[in-house]
Amino acid sequence: MRIGDAAAAAGATPRALRLYEQRGLMPPPVRTSSGQRVYDGTDVARIRVIRELLSLGLTIEDLRGHAESFDLLVADPARRCRGGSGGPVVRRRLAALDAEIARLTRLRAALAGAARGATEG
């Protein structure tokens with residue numbers, strides 16, 4: 001299937017597929033004699049895995065060094081990260097999310113305090 005069909009089947013856009021290829025998350029696809037990308041069902045499944053991992057808060061940079069593992073998730077969608085703790089990538093992302101939540105909580109408290117002060121004066 002062509003890039004538009006593969007993107008639609010995976011819930012992505014052609015632009016996203018080109019980005020995944022450029023960043024090393026997808027191997028270069030087979031190309032037609034005219035240079036158009038051609039994808040198969042395995043590629044679509046891999047794109048779905050990538051999209052699911054990104055939807056969980058991981059970034060493309062988080063995933064870059066682990067692209068070879070995507071096929072394991074395609075073969076066994078119930079598979080989890082090694083050791084149950086998620087591994088270092090997941091632990092780093094969780095720490096970053098915790099730091100961002102703390103920052104936003106402080107920012108909200110400061111804004112709420114300023115808003116209370118403005119209404120009292």
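What follows is a short exchange on how terms are applied to this predicted model.

Mentor: Ground rules. This is a predicted model, where local features need pLDDT of at least 70, side-chain atom pairs count only at pLDDT 80 or more, and totals for chains, interfaces and linings use all residues. Residues are numbered from 1 along each chain as its sequence is written, and side-chain values use heavy atoms, leaving out hydrogens and water.

Trainee: Why is M26 called buried?

Mentor: Buried means under 20% relative accessible area, exposed over 50%, partly exposed in between (1.4 Å probe, protein chains only). M26 has 5%, so M26 is buried. M26 lies in the loop between α2 and β1 (30–31). Helices (H or I, at least four residues) and strands (E, at least two) are DSSP runs, numbered from the N terminus.

Trainee: What does M26 touch?

Mentor: Contact means heavy atoms within 4.5 Å. Leaving out residues up to four places away in sequence, M26 touches Y20, E21, Y39, D43, R46, I47 and I50.

Trainee: Why is L94 called partly exposed?

Mentor: L94 has a relative accessible area of 46%. That value falls between the 20% and 50% cut-offs, so L94 is partly exposed. L94 is found in helix α6 (residues 87–120). With L97 and I101, L94 makes a nonpolar surface patch of about 270 Å².

Trainee: How do you know that the buried residues of α2 line one face?

Mentor: The buried residues are A16, L17, Y20 and E21. Seen down the axis of α2, they fall within an arc of 140°, so they line one face of the helix. The arc is that of the directions from the helix axis to the C-beta atoms. R15 and Q22 are exposed, on the face turned away from the buried side.

Trainee: What puts the buried residues of α1 on the same side?

Mentor: Helix α1 (residues 3–10) has buried residues I3, A6, A7 and A10. Their arc around the axis is only 100°, which puts them on the same side of α1. An α-helix has 3.6 residues a turn, so residues three or four places apart point the same way. The buried residues of α1 pack against α2 (14–22), β2 (37–38) and α3 (41–55).

Trainee: What makes the R37 and E21 pair a polar contact?

Mentor: A polar contact is a pair of N or O atoms within 3.5 Å; within protein, one must be able to donate a hydrogen and the other to accept it, and residues adjacent in sequence count only if both atoms are side-chain atoms. The side chains of R37 and E21 are joined at 2.8 Å, so the distance passes. R37 is found in strand β2.

Notes
Patch = residues over 30% accessible without salt bridge, like charges linked within 9 Å, V, L, I, M, F, W, Y side chains within 5 Å. Areas by Shrake-Rupley, 256 points an atom, 1.4 Å probe, with all protein chains shown as cover. Salt bridge = Lys/Arg side-chain N within 4 Å of Asp/Glu carboxyl O.
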